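Please keep the sequence and the three-dimensional view at hand while reading.

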Amino acid sequence: MFKFSEISDLCIKCGKCIPGCTIHRINPDEATSPRGFLDILKGVEEGEIEIDKTFKDTVESCFLCNQCVEVCPNSLPTDFMIENARKKVADKYGIAWFKRAFFFLLRHRWAYDLISKLGFYFQTCGFKIEEEKKSIRSRFSLPMLHKGRLLPAFRKTTFLKKYPEKIEAKNSQKKVAIFIGCLANYNYTEVGDALVKILKFLNIDILIPKKQACCGAPAYFTGDFDTTEYLIKKNIEYFETFIDEVDAILIPEATCTAMIKKDWEEYIRHYMSEDWLKRYKKIQDKVFGTTEWLYKYTDLEERLKDKQKDMKVTYHDACHFGKVFNIRKEPRALVSKVATIKEMEDPDVCCGFGGITIQSEKFDLARKEGLIKAEMIKKVDADVVSAECSACRMQITEHLDKVGDNKKFLHPLEIIAQKID
Ligand code: SF4
Ligand code: SF4
């Protein structure tokens with residue numbers, strides 16, 4: 001069984017994790033720093049600190065941005081510690097009804113499809129559609145949703161319903177499966193359209209596995225380990241049915257990629273059997289973020305080289321690609337072939353999305369960090385802001401609106417797809 005103290009005891013208190021910590025930047029307190037979290041969690045295990053509302057509030061304030069893990073000289077998995085602490089909080093206090101309802105949708109695609117359809121037809125009742133931002137703006141103030149807030153709009157047809165399961169190229173040498181992620185399936189469907197267009201341009205066979213389920217990230221980051229494990233098993237069993245046929249499973253989303261390629265491994269190692277680990281390992285090596293795979297395993301960069309650059313783009317590094325996998329140069333290498341990149345002051349600073357709890361019960365934290373990022377983007381002379389993550393898209397769109405900057409958000413695949421025939 002996982003023990004907090006085994007990790008906490010490896011902390012040498014160097015403090016390298018503190019300056020870049022997202023929650024510490026907006027709440028500069030030792031208790032809300034990676035080093036502080038490690039001490040507190042050890043204290044809980046040793047019975048010195050009680051799991052109470054203050055503890056709940058503290059562990060729920062971490063953005064799970066992974067900055068601490070990236071810079072720690074001992075690579076301590078503070079994110080994994082926090083996820084386990086949230087499980088303890090969930091065991092004691094339960095999980096709020098609206099999160100449980102959302103996780104039910106994640107477990108059952110038919111239910112999410114139905115809600116998405118109803119959302120599409122009825123979203124204008126409480127929201128105003130802002131097509132340019134791919135968003136809906138709240139007309140009223142509701143609990144946890146203030147008037148004027150932007151949320152992703154629902155689409156008439158989801159990505160998974162829009163395309164056939166197999167799209168075959170002529171004499172293709174490669175075949176990939178697309179794992180689309182919930183936000184790009186239900187809301188930002190242009191991301192999947194762009195990926196399909198690019199893969200067709202590259203003459204690659206495409207498989208769109210229709211029974212894919214959510215990666216489980218929203219549940220895992222909330223301490224709902226039952227839903228997490230259910231989704232891991234369901235997806236592994238399904239991926240096994242086609243994994244030998246494909247060269248890669250491509251994911252155009254940083255958080256889903258990190259969840260499947262890194263967090264599933266941590267979870268399976270600690271909570272599931274050796275047999276599940278063995279089955280998972282056969283899949284893990286074939287999972288890639290899209291720009292990483294396109295950059296490393298195709299000639300896309302070369303084929304984009306004569307394109308006209310009439311767009312200025314500032315690129316935000318989604319934490320779950322930049323900090324988790326050091327994927328920073330790959331999206332820039334591709335985007336810079338079709339647009340001019342204008343770097344912002346610190347592309348690595350977290351956008352402040354933070355997950356379902358921070359977006360609902362702790363939106364004041366998302367707001368503070370979101371405004372820091374939005375002001376940084378506003379200062380750049382660019383037409384477009386880009387990131388390989390729909391959660392970043394949602395948070396950045398809301399906060400650019402708040403600071404009065406009208407830069408458009410485009411996923412790097414959308415920028416590239418606009419330039420190919
Ligand atoms: S994951 Fe991010 S917010 Fe959480 S402790 Fe680490 S650096 Fe701070
Ligand atoms: S960087 Fe790692 S070792 Fe240093 S204080 Fe932070 S958690 Fe501890």
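Ile208 is found in the loop between β6 (205-207) and α12 (217-220). Here helices (H or I, at least four residues) and strands (E, at least two) are DSSP runs, numbered from the N terminus. This is a predicted model, in which local features need pLDDT of at least 70 and side-chain atom pairs count only at pLDDT 80 or more, while totals for chains, interfaces and linings use all residues. Residues are numbered from 1 along each chain as its sequence is written, and chains are lettered from A and ligands numbered from 1 in the order in which they are written.

Is Ile208 buried or exposed? A residue is buried if 20 or more other C-beta atoms lie within 10 Å of its own, exposed if 12 or fewer, and partly exposed in between, with C-beta atoms placed from the backbone. Ile208 counts as buried because it has 21 C-beta neighbours inside 10 Å. Two residues are in contact if their C-beta atoms, placed from the backbone, lie within 7 Å. Apart from its neighbours within four places in sequence, Ile208 is in contact with Leu160, Tyr163, Glu165 and Ile178. Val59 is 149 residues from Ile208 along the chain, and the C-alpha atoms of the two are separated by 37 Å.

Asn171 lies in the loop between β4 (166-167) and β5 (175-178). Although Asn171 is not a glycine, it has a positive phi of about 50°. Asn171 is exposed, because 5 other C-beta atoms lie within 10 Å. Asn326 is placed in the loop between α18 (319-325) and α19. Asn326 has a positive phi of about 55° and is not a glycine. With 12 other C-beta atoms within 10 Å, Asn326 is exposed.

**Strands and helices**

Two strands pair if DSSP finds at least two bridges between them. Three strands form an open sheet in the order β1-β2-β3, with antiparallel pairing. β1 (127-130) and β3 (150-152) each have a single partner strand and stand at the edges, so one side of each is left without a neighbour in the sheet. From one strand to the next, the twist averages 35°. β1 and β2 (residues 135-138) run antiparallel and are joined by four bridges; Phe127 has Ser138 in β2 as its bridge partner. Helix α8 (residues 109-126) lies across β1 and β2 and runs at about 115° to β1. Axes are lines fitted to C-alpha atoms, for helices over the stretch in contact, and angles run from 0 to 180 degrees between N-to-C directions.

Strand β9 (residues 312-315) pairs in the parallel sense with strand β10 (residues 340-341) over two bridges. Lys312 has Thr340 in β10 as its bridge partner. β9 also pairs in the parallel sense with strand β11 (residues 384-386), over three bridges, and Tyr315 stands opposite Ser386 in β11.

Helix α16 (residues 290-297) has the buried residues Thr290, Thr291, Glu292, Trp293 and Leu294. The elements that cover these buried residues include α11 (190-201), β7 (248-251), β8 (287-289), α17 (300-303), α19 (329-335) and α23 (412-417).

**Ligand surroundings**

A residue is near a molecule or strand if its C-beta atom, placed from the backbone, lies within 6 Å of it. Ala, Val, Leu, Ile, Met, Phe, Trp, Tyr, Cys and Pro count as nonpolar, Asp, Glu, Lys and Arg as charged, and the others, Gly among them, as polar.

| Ligand shell | Nonpolar | Polar | Charged |
|---|---|---|---|
| Ligand 1 | nine residues | five residues | one residue |

Ligand 1 is surrounded by 15 residues, the closest being Cys21, Cys62, Cys65, Gln67 and Cys68. At least two residues of this shell come from each of α2 (22-26), α3 (34-45), α5 (67-71) and α6 (78-93). α2 supplies the largest share of the shell, three residues. Of the 15 residues around ligand 2, the nearest are Cys11, Cys14, Cys17, Arg35 and Cys72. α3 gives the most to the shell around ligand 2, with three residues.

**Two domains**

The chain is divided into domain 1 (4-93) and domain 2 (303-417), with bounds that come from an automatic or database domain assignment. Their C-alpha centres lie 27 Å apart. Ten residues of domain 1 are in contact with 14 residues of domain 2. On the side of domain 1 that touches domain 2, α2 and α5 each supply at least two residues. By class, this side has four nonpolar, four polar and two charged residues.
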